[in-house]
Amino acid sequence: VKELRALLTPAATACLELMARRAEQLTRRHFGRTISLYIPLYVSNFCPGGCAYCGFASDREQPRRRLTRPDLLAEIKALKARGFEDVLLLTGERTPEADFRYLRDCVSLAARHFHNVTVESFAMTENEYRELARAGCTGITLYQETYDETLYRQLHRWGPKRNFRFRLEAPERALAAGMRAVGLGALLGLADPASEAMHLYRHADHLRKKYWQAGVMVSFPRLCAQLGGYQPRHRVSDTFLARIIFAFRICLPEAPLVLSTREAAPFRDGMAGVGISRMSVSSRTTVGGYHDAPDTS
């Protein structure tokens, strides 16, 4: 904790090149010269939530859709044709249109076609995570968004996601239910990024110690422009984001560190293998965005 705090102070900016070199050495030692790739697949964009920063929030005017079984099969066929074997299924918060049963059925269908199926969705109970694991889900990703509880309540204006504690404890419930891996993250830009990074580290460290037989991945999503015009309170520059990633690699040398396609290609290219060991690719955030679409990967 002390080392991470020191690496996130302004004084450490002068050591950025040294940090990058050390991060690259540790990444290569533990992950070799390979980058694990996965592809996100949005199965529904229905959402009852009121997250002030999110384009899926229920007060945003946009077409709402969920994939039917034939739709999902068409998406699966399109992704298989491109050679993908690691898929992340995404939804909004729990709704009648996309509830737990719907998500479980999507997982079950996807698991028949892909080697690895994970989920980024609403927080669930331990029994639901156990049932999801039986259906073929190997892990979940669940960002706390912000670890500042007061700010969290302000930003999550309505909906089930307002329950800070239920969301915070969801990754632990997933691991207790038998999931092989969980992914954590804070949405950088909502609160002070250095403080968020410290809380994120403590969260990951706690889960790694308690569930040492499972995997804990850490992501670094950075707030970007969304429908609704929310402006981040804290700007996170490329340099500072790179320093956060390097610091996590130095302090968590064996943990997979993840970067998404929300980042620009030059930044992603620069981070690949220099801290980052896992990336999303060819991402489309529309429901049904891969079938009959050109391959731009």
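Me: How many bridges join β6 to strand β7, and in which direction do the two run?
Reply: In general, strands of a sheet pair through backbone hydrogen bonds, either parallel or antiparallel. Here β6 and strand β7 (residues 257-259) run parallel and are joined by 2 bridges. Two strands count as a pair if DSSP finds at least two bridges between them. Strands (E, at least two residues) and helices (H or I, at least four residues) are DSSP runs, numbered from the N terminus. The model is a predicted one, in which local features need pLDDT of at least 70 and side-chain atom pairs count only at pLDDT 80 or more, while totals for chains, interfaces and linings use all residues. Residues are numbered from 1 along each chain as its sequence is written, and side-chain values use heavy atoms, with hydrogens and water left out.

Me: Which residue in β7 is the bridge partner of valine 218?
Reply: The partner is leucine 257 of β7. Valine 218 of β6 also has leucine 184 standing opposite. Strand β5 (residues 181-185) runs parallel to β6, and 5 bridges join the two.

Me: Which helix makes a β-α-β unit with β5 and β6?
Reply: Helix α9 (residues 193-210) makes this unit with β5 and β6, and the unit is right-handed. A crossover has this hand if, with the strands pointing away from the viewer, the path from the first strand over the helix to the second runs clockwise.

Me: Is strand β6 mostly covered or uncovered?
Reply: Strand β6 (residues 215-219) is mostly covered, with 4 of its 5 residues buried. Buried means under 20% relative accessible area, exposed means over 50%, and partly exposed lies in between, for a 1.4 Å probe and protein chains only.

Me: What do the strands β1 to β8 form?
Reply: A closed barrel of 8 strands is present, in the order β1-β2-β3-β4-β5-β6-β7-β8, with parallel pairing. From one strand to the next, the twist averages 25°. Contact means heavy atoms within 4.5 Å.

Me: Which residues does glycine 185 touch?
Reply: Residues up to four places away in sequence are not counted, and glycine 185 then touches Leu142, Tyr143, Gln144, Glu145, Leu200 and Ser219. Glycine 185 lies in strand β5. Its relative accessibility is 0%, so glycine 185 counts as buried. The C-alpha atoms of glycine 185 and leucine 200 are separated by 6.6 Å, although these residues are 15 residues apart along the chain.

Me: How many salt bridges does the count come to?
Reply: A salt bridge is a side-chain nitrogen of Lys or Arg within 4 Å of a carboxyl oxygen of Asp or Glu. By this rule there are 19 salt bridges. One of them joins lysine 161 to glutamate 145, with the closest N and O atoms 2.8 Å apart. Lysine 161 lies in the loop between α6 (149-155) and α7 (164-168), and glutamate 145 in the loop between β4 (139-141) and α6, so the pair ties together parts that are 16 residues apart in sequence. Lysine 161 and glutamate 145 are both buried.

Me: Where do glutamate 149 and arginine 153 lie?
Reply: Both residues lie in helix α6, 4 residues apart, which is about one turn of the helix. Glutamate 149 is partly exposed at 31% relative accessibility, and arginine 153 is partly exposed at 39%. Elsewhere, salt bridges that share partners join Glu93, Glu145, Lys161 and Arg167 into one network.

Me: How many disulfides does the structure hold?
Reply: A disulfide is a pair of cysteine sulfur atoms within 2.5 Å, and the structure holds 0 of them. The sulfur of cysteine 15 has its closest cysteine sulfur in cysteine 251, 13 Å away, and therefore too far for a bond. Cysteine 15 is partly exposed, with a relative accessible area of 34%, whereas cysteine 251 is buried at 15% relative accessibility.

Notes:
Axes are lines fitted to C-alpha atoms, for helices over the stretch in contact, and angles run from 0 to 180 degrees between N-to-C directions.
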